[in-house]
Amino acid sequence: MATSTPHDSLFKFAFGEPRHAASMLRSVVPREVADQIQWESLERVSVAFIDEEFSKLYADLLFAAKLRGHEAFLWLLFEHQSSSDPWMAFRVLEYAVRVWKDWLRAHEKATRLPAIVPVVLHHSERGWTASTSFSELLDLDEGTKKALGPYLIDFRFLLDDLTRHTDDEIQARALTELAEMVALAFKHLPYDEEPVRTLEKVAPLMVRLMNEHDGLAALSAFFRYTMQVSDVESGTLRTFVATNVGKKAEEIVMSTAEKLIQQGQREGRVALLRKLFIARFGAFPAEVAERARHVSPEELDHWAERLLMAQSIDEVFDGSASHRPL
């Protein structure tokens with residue numbers, strides 16, 4: 001199972017909600033296309049065919065929508081690597097074919113395929129440098145490519161490179177408060193030596209978000225991301241939020257910081273347990289790793305103690321090793 005990054009978690013929390021995704025997608029697709037999409041029809045679609053390697057590199061969300069009355073898909077993919085992927089157009093093609101195959105299994109009598117509009121959201125220090133066109137991946141000179149033009153597979157994906165947009169341009173979009181906060185956070189927080197500057201930009205959005213029905217959960221997700229990817233200390237964040245957003249938001253910072261500490265302690269215990277298992281039995285079985293995700297920190301400590309004398313993996317869990325005389 002792929003481990004989610006802080007970027008993935010915030011991306012899926014924010015844009016997994018159709019209204020936030022719609023505000024972002026609407027700001028990226030061409031105006032003439034945006035005017036033809038029935039945005040109120042946007043509905044998230046679950047997919048089960050994305051492989052683990054893909055999930056390690058990207059986070060993605062697929063939405064069904066009506067495009068001038070026709071069924072279509074909008075695909076929002078988040079490319080969160082430090083450099084742009086030169087094979088992105090090929091990966092988009094692979095994904096589209098899988099979506100169509102899955103759709104055809106449920107629509108056996110269909111005679112046409114629904115359109116898929118791919119949008120790649122990117123942030124990095126250098127910005128996107130790879131091609132957005134599939135034909136540029138083909139090993140052909142320009143003359144031959146032009147001659148074969150009608151017979152070659154070709155398409156472009158829409159790219160929203162946050163690195164290339166000014167803050168004013170992002171803030172001028174018709175985004176929801178959360179979508180705007182997330183866009184500015186992705187652009188700045190992982191790289192800014194003074195993250196408070198970004199917090200100052202989004203403080204008015206935080207205040208307005210407090211009144212939204214999902215505002216407290218959204219602020220918690222945002223604060224979690226801030227503390228995970230930037231150098232801001234929880235105390236500094238707490239003081240800033242108390243001064244600029246309010247007491248309730250300060251409480252969320254405190255709660256989020258405590259959860260991160262507990263998570264770090266759990267991850268440290270599991271990492272130690274993994275090393276002990278490998279040293280004692282030569283492996284850390286997948287079923288043990290999965291079980292470790294659901295037990296208390298105290299139980300993890302008991303496992304580590306039993307490992308010292310256990311003769312088998314089963315003894316680690318049944319406790320018999322702890323009763324063996326020295």
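Reader: Let's start with L140: where does L140 lie in this chain?

Author: L140 sits in the loop that runs from strand 4 (115–122) to helix 6 (142–148). Helices are DSSP runs of H or I with at least four residues, strands are runs of E with at least two, and both are numbered from the N terminus. Before we go on: this is a predicted model, where local features need pLDDT of at least 70, side-chain atom pairs count only at pLDDT 80 or more, and totals for chains, interfaces and linings use all residues. Residues are numbered from 1 along each chain as its sequence is written, and side-chain values use heavy atoms, with hydrogens and water left out.

Reader: What does L140 touch, leaving out residues up to four places away in sequence?

Author: K145, L148 and L152. A contact here means heavy atoms within 4.5 Å.

Reader: What makes D192 buried?

Author: Its relative accessible area is 13%, which is under the 20% limit, so D192 counts as buried. You'll find D192 in the loop between helix 8 (177–188) and helix 9 (196–209). Setting aside residues up to four places away in sequence, D192 touches R197 and T198.

Reader: How do you know that the side chain of D192 makes a polar contact with the backbone nitrogen of E194?

Author: A polar atom of that side chain lies 2.9 Å from the nitrogen. The cut-off for a pair of N or O atoms is 3.5 Å; within protein, one must be able to donate a hydrogen and the other to accept it, and residues adjacent in sequence count only if both atoms are side-chain atoms. With 2.9 Å inside that limit, the pair therefore qualifies.

Reader: And H188, buried or exposed?

Author: Buried, because its 17% relative accessible area is under 20%. H188 belongs to helix 8 and touches D167 and T198, not counting residues up to four places away in sequence. H188 and H123 are 65 residues apart in sequence, and their C-alpha atoms are 8.9 Å apart in space.

Reader: What is worth noting about the phi of R68?

Author: R68 isn't a glycine, yet its phi is positive, about 50°. Most residues other than glycine have a negative phi. R68 is in the loop between strand 2 (58–67) and strand 3 (70–79).

Reader: How many helices and strands does the protein chain have?

Author: 15 helices and five strands. Of the 326 residues, 43% are buried. Take contacts between residues at least 6 apart in sequence: 65% of them join residues at least 24 apart.

Notes. Buried < 20%, exposed > 50% of the residue type's maximum accessible area, 1.4 Å probe, protein only.
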